[in-house]
Amino acid sequence: QMYLRLTGCFTLSCVFEMDTTPESYLDLFPLEAIVYLTPDSENGKYIDPSKVYVLGGLVDESIHKQLTLRRAREQRLCTARLPIREYMVRAPNSRNYHSEILAINQVFDVLSTFYETRSWPAALRAGVSSGKGYVLPDTADQ
């Protein structure tokens, strides 16, 4: 398993510290410090630098609804999601496709940009591709 710690991210010169270990995050960090990121959480706009965030991703194309939410609940962990609903709008598209499910690299791009800029619109612009069916409204351009 790989753990990424973001430190010193109050300017554009973020430092990313990465560790790999066979140990579970449940053994490495206190339960109250762990937040499981899942698109099924009702808790948006929640990023606390003192917490440890678990990016629960699937590497195949299939989407298992609420799998990461169930896993977090089984482990008695707090959950959060990226605030896509709060800052973005559904863009009209021919397939009527809209998804808040992101790949791990996209979630990482959003989180690292948020830590650098402290701006959700900038962070979501960096990590949520237009192919997901969401865009920032003109008024959110701050």
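**Two helices in contact**

Tutor: Start with a pair of helices. Q106, D109, V110, T113, F114 and T117 in α4 meet W120, A122, A123, L124, A126 and G127 in α5. Contact means heavy atoms within 4.5 Å.

Student: How do the residues of this contact divide into nonpolar, polar and charged?

Tutor: The α4 and α5 contact has 7 nonpolar residues, 4 polar and 1 charged. Here is the sorting rule. Ala, Val, Leu, Ile, Met, Phe, Trp, Tyr, Cys and Pro count as nonpolar; Asp, Glu, Lys and Arg are charged; the others, Gly among them, are polar.

Student: What should I know about the source of these values?

Tutor: This is a predicted model, in which local features need pLDDT of at least 70 and side-chain atom pairs count only at pLDDT 80 or more, while totals for chains, interfaces and linings use all residues. Residues are numbered from 1 along each chain as its sequence is written, and side-chain values use heavy atoms, with hydrogens and water left out.

Student: At what angle do the axes of α4 and α5 cross?

Tutor: First, the idea. An axis is a line fitted to C-alpha atoms, for helices over the stretch in contact, and angles run from 0 to 180 degrees between N-to-C directions. Now the case. Helix α4 covers residues 104–117 and helix α5 covers residues 120–127. Their axes come within 8 Å and cross at roughly 150°.

Student: Which word describes how α4 and α5 run relative to each other?

Tutor: Use the cut-offs. Under 35 degrees is roughly parallel, over 145 roughly antiparallel, 65 to 115 roughly perpendicular, and the rest oblique. So α4 and α5 are roughly antiparallel to each other.

Student: Is the crossing of α4 and α5 left-handed or right-handed?

Tutor: Look at the near helix. If it is turned anticlockwise from the far one by less than a right angle, the crossing is left-handed; if clockwise, right-handed. For α4 and α5 the crossing is right-handed.

**The whole chain**

Student: How many helices and strands does the chain have?

Tutor: Helices (H or I, at least four residues) and strands (E, at least two) are DSSP runs, numbered from the N terminus. This chain has 5 helices and 7 strands. Along the sequence the pattern reads β-β-α-β-β-α-β-α-β-α-α-β.

Student: What share of the chain is buried?

Tutor: Buried means under 20% relative accessible area, exposed over 50%, and partly exposed in between (1.4 Å probe, protein chains only). Of the 142 residues in the chain, 38% are buried.

**Salt bridges**

Student: How many salt bridges does the structure hold?

Tutor: A salt bridge is a side-chain nitrogen of Lys or Arg within 4 Å of a carboxyl oxygen of Asp or Glu. The structure holds 3. R85 is partly exposed at 36% relative accessible area, and E42 is exposed at 65%.

Student: Which other residue forms a salt bridge with R85?

Tutor: E100 does, with the closest N and O atoms 3.0 Å apart. Again the pair links distant parts of the chain: R85 is in helix α3, and E100 is in the loop between β6 (89–90) and α4, 15 residues apart. Salt bridges with shared partners join E42, R85 and E100 into one network.

Student: Where does E86 come in?

Tutor: The side chains of E86 and R81 meet in a salt bridge, 2.8 Å from N to O. E86 is partly exposed, at 40% relative accessibility. R81 is buried, at 5%.

Student: Which residues does P49 contact, leaving aside its neighbours within four places in sequence?

Tutor: P49 is in contact with Y115 and R118. P49 lies in the loop between β3 and β4. P49 and Y115 are 66 residues apart in sequence, yet 8.5 Å apart in space, C-alpha to C-alpha.
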